[in-house]
Amino acid sequence: KDTLITTTTVKDADNIVSMLGDNGIEKVVLKYNYWMKDGYYRTIQTGAKLEKKLDSMQELKQLNDRLRQNGGDLYLAAELMNVYKTGKGVSKYSDVLSSVANTPQVQYEFQLDSAGRDTRYKPWYLIKPKKLSLYFDKFLANFEKSGFGNVAFESVGTMCYSELATNGTSRNRIPGMIQDILHTASERVDGIMLSGANDYAAVYATHILNTPAKSSNYDVEDASIPFFQMVFHGYVYYSLGATNLASSPENMVLKCLEYGASPMYSWVGRNSEELIGSRTDELFSADYQKWLDFAVSEYAEINSILKNTATLPITSHKILKSGVAQTVYGDEIRVIVNYNSNAVTVDGREINGNDYLVLEEGK
């Protein structure tokens, strides 16, 4: 039997925001996951009601007000494509994706080492493409009553699946359907946050998380460039992956400077040890207390530079030599990053190993 254990109450989130503010980080954009009743890998999340174990709606509104007063924002997450338990208006026979044999198409987690099914996790379903707008409308109707303005839609920015059943939906129709859904949503909410968004979804986002930070590394590709970021920089705020989950957290400063990205962290406020073996065990290093000082230092360093480039487009990006890249913002600010452990010389200037150089036009 599943047990619901709280990892971040509203008070925990408010406490973390307060500590960040005390350390000079005031404009916090907070995405609150699993906030809804039955929102943790359960039934469809259309109710927009706060899980009682996480405190009260009044306290959530106070957190929202605190963030907005300081120039930040609160985004409340909603998963409306993946369904981990049917019921509450979702039928496995009429509402979830069907296979070519017209039976419910079950989804599984797979093990990377064997490609076999990971039996630790229960299978789940996907909502039929034709039914997506129905559930988004149900959620938005309830969300509008909640008094909150910003929503973070899970999955819809990256998932594009077809239905092979009789009278199914071909994959090439999905982008247009998602565009219609997000266009409607953008007129009903203040802001939309997406993750790793495909272009047809990204145009409706005010914030995009987990934008691409490298190429696929296939043999035919020689280098990674911030192509996605070159398109969207200056038009929408975005981040790369979470620093606390990166293989090299120290390199994230360089990556953010090269890609023009805001730093991001995925944290919990308590019971971080309970994440082990759960559906969210990818949060293997999510205890905020262990990362607060690092985050404050990283933010101060990145913000001192990127605050001057936030509204500028990326006008140029070059690989100057192995491990050395240059990004030009608005033809005004040049940032050269050196990922090598040894110093390099660029235009007669020495850049230490794992360091960077910032040059302003005319200075």
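Student: Against which elements do the buried residues of α4 pack?

Tutor: The model considered here is predicted. In α4 the buried residues are Ile174, Ile178, Ile181, Leu182 and Ala185. Viewed down the helix axis, these residues fall within an arc of 90°, so they line one face of α4. The elements against which they pack are α3 (132-146), β5 (150-154), β6 (191-195) and α5 (199-202).

Student: Which exposed residues does the face of α4 turned away from its buried side carry?

Tutor: An α-helix has 3.6 residues a turn, so residues three or four places apart point the same way. The buried side of α4 includes Ile174, Ile178 and Ile181. On the face turned away from that side, the exposed residues are Asp180 and Glu187.

Student: How far apart are the end C-alpha atoms of helix α1?

Tutor: Helix α1 comprises 13 residues, 10-22. At 1.5 Å a residue, α1 should span 18 Å. The model agrees with this expectation, the end C-alpha atoms being apart by 18 Å.

Student: Against which elements do the buried residues of α1 pack?

Tutor: The buried residues of α1 are Val10, Asp12, Ala13, Ile16, Val17, Ser18 and Leu20. Their packing partners are β1 (29-32), α2 (57-69) and α8 (292-306).

Student: How many residues in the lining of the second largest pocket are charged?

Tutor: The second largest pocket holds about 440 Å³ of space. Its lining consists of 15 residues, with Ala213, Lys214, Ala246, Ser247 and Met252 nearest the centre. By class, the lining has seven nonpolar residues and six polar ones, while the number charged is two.

Key:
Residues numbered from 1 in each chain as written. Predicted model: local features only at pLDDT ≥ 70, side-chain atom pairs only at ≥ 80, totals over all residues. Heavy atoms only, no water. Buried < 20%, exposed > 50% of the residue type's maximum accessible area, 1.4 Å probe, protein only. Helix = DSSP H or I, 4+ residues; strand = E, 2+ residues; numbered from the N terminus. Arc of directions from axis to C-beta. Contact = heavy atoms within 4.5 Å. 1 Å grid on protein atoms, 1.4 Å probe; cavity = no way out; pocket = protein on both sides within 12 Å on 5 of 7 lines; lining within 4 Å. Points joined across faces, edges and corners; volume = space filled by probe spheres on them. Nonpolar A, V, L, I, M, F, W, Y, C, P; charged D, E, K, R; others polar. Expected span 1.5 Å × (residues − 1).
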